[in-house]
Amino acid sequence: MKHKIKYLKRGDLRFPKNLENLPDCPDVIYVWGNADILNDFSLAIVGSRNCSEFGRIFATDTAQKLNKKNIVIVSGLALGIDSAAHRGCINNKGKTIAVLGGGFDNIYPKENINLVDEIINNGGAVITEYMPDDPPLKKNFIERNRIIAALSQGIILIEAKEKSGSLTTIRYAKNLNKKIFAVPGGINDELYEGGNRILSEGAFCVRNIQDVLSKFEKYKQYDVRKEENLQKDKKINEYEEAILPELREIYKNIKYKPTSLEYICLNLKESTATILSKLTLLEMQGYIIELKGKNFIRRKL
């Protein structure tokens, strides 16, 4: 990794304004990558290092979808949920900020050294308050969590045991009056003990990104479900426009539940032979499937 280190002093124009709300605000922040995003609207995603496969997928998907709304995702570069959140942004070729618990000469965990490069190459930033040769001591990660909390307008917790280090980020966020979110889980699942507790204390429940966006004035206009339906309709329209003009009318008469040959013939008032020849073409092109008894069904997109 050959990235130029920038250092921002407190009071500099690009120094993160939100950090100045910390009572123990660092005097200097060291930055690899794009320092210009440090004052952009951002949300943090945190959680267990030893996450479940569901947690990993949910973190990746949530980060990617929020990132598509031009929201910068902040996390701590740890294995598990943190890495998944950063990865979701990279999948979107979007921006994410990783906050380290040590200096740049001691990236931790070492497994994520390549992830650091990807974050920077996609316009993101990796930051730390520690000198380049400072080791990643255990106490540093607790201190690091206050930076994550301060940088972000809200914190999303995905999987955390009752004594998870991620809950220190939540405590910092509460003290800074940030919006707190958590993904609910089974009451007997230890990976959700921390999240379920903060939900009982008033955190916002997260089932999808609409639950997050709706809590911020500037994003209330986004209706994720409506957008998804519009995208689905667009995909269907493009799919149907690719059908030969002479076959479109017959295709419109076939549903996602079995449609009989007799029904199609009656509707279109064409001969059985003509209808059958068109149905054969539609099936060969992959638009429909023939079932038993001369029934037909649309192939799902």
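Visitor: How many bridges join strand β8 to β9, and which way do these strands run?
Guide: In this predicted model, strand β8 covers residues 179-182, and one of its residues, Phe-181, stands opposite Phe-204 in β9. The strands β8 and β9 run parallel, and the number of bridges that join them is two.

Visitor: Which strands stand at the edges of the sheet?
Guide: The open sheet is formed by nine strands with mixed pairing, in the order β1-β2-β6-β5-β4-β3-β7-β8-β9. Each edge strand has a single partner strand, so one side of each is left without a neighbour in the sheet, and these strands are β1 (5-9) and β9 (204-205).

Visitor: What angle does the direction of helix α2 make with that of β3?
Guide: Helix α2, which spans residues 81-91, packs on the sheet and touches β3 (42-47), β4 (72-75), β5 (96-99) and β7 (154-158). Taken against the direction of β3, that of helix α2 makes an angle of about 140°.

Visitor: Which strands does helix α3 touch?
Guide: Helix α3, residues 113-121, also packs on the sheet, and its direction makes about 115° with that of β6. The strands that helix α3 touches are β2 (28-33), β5 and β6 (125-128).

Visitor: How many charged residues are in the lining of the largest cavity, and which residue is charged?
Guide: A search of the whole structure finds one cavity of 30 Å³ or more, and about 50 Å³ of space lies in the largest cavity. Its lining includes Gly-76, Val-99, Tyr-108 and Phe-141 as well as Arg-144.

Terms used
Residues numbered from 1 in each chain as written. Predicted model: local features only at pLDDT ≥ 70, side-chain atom pairs only at ≥ 80, totals over all residues. Heavy atoms only, no water. 1 Å grid on protein atoms, 1.4 Å probe; cavity = no way out; pocket = protein on both sides within 12 Å on 5 of 7 lines; lining within 4 Å. Points joined across faces, edges and corners; volume = space filled by probe spheres on them. Pairing = 2+ DSSP bridges. Helix = DSSP H or I, 4+ residues; strand = E, 2+ residues; numbered from the N terminus. Contact = heavy atoms within 4.5 Å. Axes fitted to C-alpha atoms, helices over the stretch in contact; angles between N-to-C directions.
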